[in-house]
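Dear colleague,

I am passing this structure on to you, and below it I have set out what was found. Please read the notes with the model open beside them.

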Amino acid sequence: MRETWGMRTAYCVESVRGAERALMARVPEGALMQRAAAGLAVACGQLLGRVYGARVVLLVGSGDNGGDALYAGARLARRGAGVTAVLLDPGRVHGGGLAALRGAGGRVVDAVVGGEGRSGAGAGGGGDADSGGAGSGSGRGAGSGAAGFGSGSVGDVAEGALAVVGRAQLVVDGIVGIGGTGGLRPLAGRLVRAAQESGALIVSVDLPSGVDADTGQVRGDAVRADATVTFGAYKPGLLIDPAREHAGAVRLVDIGLDAELAAYDRDLEALQYVDVDRLLPVPTAESDKYRRGVVGIVAGSARYPGAAVLAVAGALRGGAGAVRYVGPAADAVIARFPEALVFDGPPAKAGRVQAWVAGPGLGDDAARLRDVVDAEVPVLIDADGLRLVDHAAVRARTAPTLLTPHAGEAAALLGVSRAEVEAARLDAVRELAARYGATVLLKGSTTLIAAPGGGAVRVNPTGTSWLATAGSGDVLSGLAGSLLAAGLGARDAGSVAAFLHGLAARLAAEGAPVGAQDVADAVPLAWRDVRG
Ligand SMILES: NC(=O)C1=CN([C@@H]2O[C@H](COP(=O)(O)OP(=O)(O)OC[C@H]3O[C@@H](n4cnc5c(N)ncnc54)[C@H](OP(=O)(O)O)[C@@H]3O)[C@@H](O)[C@H]2O)[C@@H](O)CC1
Ligand SMILES: Nc1ncnc2c1ncn2[C@@H]1O[C@H](COP(=O)(O)OP(=O)(O)O)[C@@H](O)[C@H]1O
Ligand SMILES: [K+]
């Protein structure tokens, strides 16, 4: 799935809403929703393969997210699909959308016992009756919602609603989009579970209902979709776990928002192949090993010599002209990489170095680490280095600093639990960068890179869980340090390293387990893939 166009960006809800308001002032009423619904219907059609005769069920919430689902359902019904809308809050439903669906021959059932008939539809799903909650214009019905899903306090899910969901081929999740707060409410949860158990394809409208659009957090139940069709812009939650996992394959539908979004700061960005290609440090005719950069590696110990070897392995593939290893594992390093320069004295006396990597397998060697932190060149601190380092000394540094914690190390730095970091990665990486005045690369299922001055957080698009293997973080450290030595800024070095590292793991793994050395060995393949 190689993409040749540039940076993928994501915007928070506030920015999307602002851009939408500006655009809506220039286009006919309802035009944006029609664009969204058209894109949604096309995506559903492609997933179904054959629309004619397909059984499609729309889970329709009380806002415009439900409106999108209804208009898309109308389009599918006109192409011959059997479409049934399940209204979660029959008293509050997008009137124009409901009328469109009915006009196209779609059926309507109420989700809740007692709500039946208020939308003019019994559980059996007769579609001809008039809607109690729906007007014919584009606004929403104005019912009280007293017996509705929104209150979350009514009785049972109607059997008829569960039955249609159980028979669906495709379920469209229009429960809630960017207007949502918290996880799914109980009745929605029941219907979603039924959809999940039915084995139907599930397509979420704009976002999987129940996830936090801005942060990727999931507080409670949320839809697990096969695909999500999002409108105007990616939202951060679509790119960050745990929400990202809920989204399935994400498709962006252009509704004409780009020009308006240009007025807003991006919250998240993901480098693509072309961006990485532009950043890779390629030698020129004037290059020599010093001009290409020397990266110093302070890693490994008598107990963990392997970490030194792996960090050097990463560094040799990162574009620096020379790798200088400083520490007690020189024999192991030389045995594997005779091209490495080695030294067993203090880093300050090791000779010329344009960037340092300190920490993998370091044990308790705080003295060597201190030397590195005092150096006036870019420094990457990882693993044991993060545990040993003097926080005030990091904050006092003037040259770029890149910290590369996994969730456990980030949790220790922040004084919270690992689970809290994993649940709220974006907050954690921003907070760490601000607290330490350093660029922070937070590793894990979603790797994020934040700069100390704020601005867009980078998210790595190439990650793969094959990387969850001992020592692969050491390879990443060496790789990123090498890119620092070659002259990249800390944010670029971290994000390019993560991109190459993930790609290397994919290329090395091809669906089978790999070790950290295999990942290092495949970095040149990743490099060629990017340049090719
Ligand atoms: N603006 C535009 O130009 C365009 C917008 N578009 C579309 O509009 C969507 C935004 O629509 P929106 O603003 O109406 O909000 P929306 O996401 O439907 O939800 C709000 C409703 O949900 C409810 N609710 C809240 N939390 C909930 C929960 N956890 N579980 C269940 N329900 C919950 C809440 O009700 P209440 O809390 O009062 O019960 C409220 O009524 C956007 O995502 C995109 O799909 C596209 O058409 C493109 C053009
Ligand atoms: N579930 C996962 N999905 C994708 N990448 C992962 C996952 N788990 C770990 N990784 C990646 O694997 C590497 C592991 O690094 P780290 O935790 O430092 O391990 P080690 O200390 O053994 O080298 C990191 O690049 C991290 O982003
Ligand atoms: K949704």
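In which hand does helix 15 pass helix 17? The crossing of helix 15 with helix 17 is left-handed, a term used when the near helix is turned anticlockwise from the far one by less than a right angle, right-handed being the clockwise case.

Before going further, please note that this is a predicted model, in which local features need pLDDT of at least 70 and side-chain atom pairs count only at pLDDT 80 or more, while totals for chains, interfaces and linings use all residues. Residues are numbered from 1 along each chain as its sequence is written, and chains are lettered from A and ligands numbered from 1 in the order in which they are written.

To return to that pair, helix 15 (residues 407–414) and helix 17 (residues 425–436) pack at an angle of about 55° with their axes 11 Å apart. Helices and strands here are DSSP runs numbered from the N terminus (H or I of at least four residues for helices, E of at least two for strands), and axes are lines fitted to C-alpha atoms, for helices over the stretch in contact, with angles running from 0 to 180 degrees between N-to-C directions. Helix 15 and helix 17 are therefore oblique to each other (under 35 degrees counts as roughly parallel, over 145 as roughly antiparallel, 65 to 115 as roughly perpendicular and the rest as oblique). Ala 410, Leu 413 and Leu 414 in helix 15 meet Ala 428, Glu 431 and Leu 432 in helix 17, where contact requires C-beta atoms, placed from the backbone, to lie within 7 Å. The residues of this contact are 5 nonpolar, no polar and 1 charged (Ala, Val, Leu, Ile, Met, Phe, Trp, Tyr, Cys and Pro count as nonpolar, Asp, Glu, Lys and Arg as charged, and the others, Gly among them, as polar).

Ser 472, Asp 474, Val 475 and Leu 479 of helix 18 meet Ala 516, Val 519, Ala 520 and Val 523 of helix 20. The axes of helix 10 (residues 305–316) and helix 20 also come within 8 Å, crossing at roughly 15°, which makes helix 10 roughly parallel to helix 20.

Helix 18 (residues 472–485) also gives the most to the shell around ligand 2, with 4 residues. In total 18 residues surround ligand 2, the closest being His 406, Lys 443, Leu 467, Ala 468 and Gly 473, and a residue is counted if its C-beta atom, placed from the backbone, lies within 6 Å. By class, this shell has 5 nonpolar, 11 polar and 2 charged residues.

Two backbone details deserve a look. A cis peptide bond, with omega about 5°, joins Asp 241 and Pro 242, and Ala 383 has a positive phi of about 45° although it is not a glycine.

Finally, an unreviewed UniProt entry lists Asn 65, Asp 173 and Ser 209 under "binding site", with positions in the numbering used here, feature names shortened, and annotations that may be inferred rather than shown by experiment. They span 145 residues in sequence, yet no two of their C-alpha atoms are more than 9.6 Å apart, so they gather at one spot.

With kind regards

Key. Contact = placed C-beta atoms within 7 Å.
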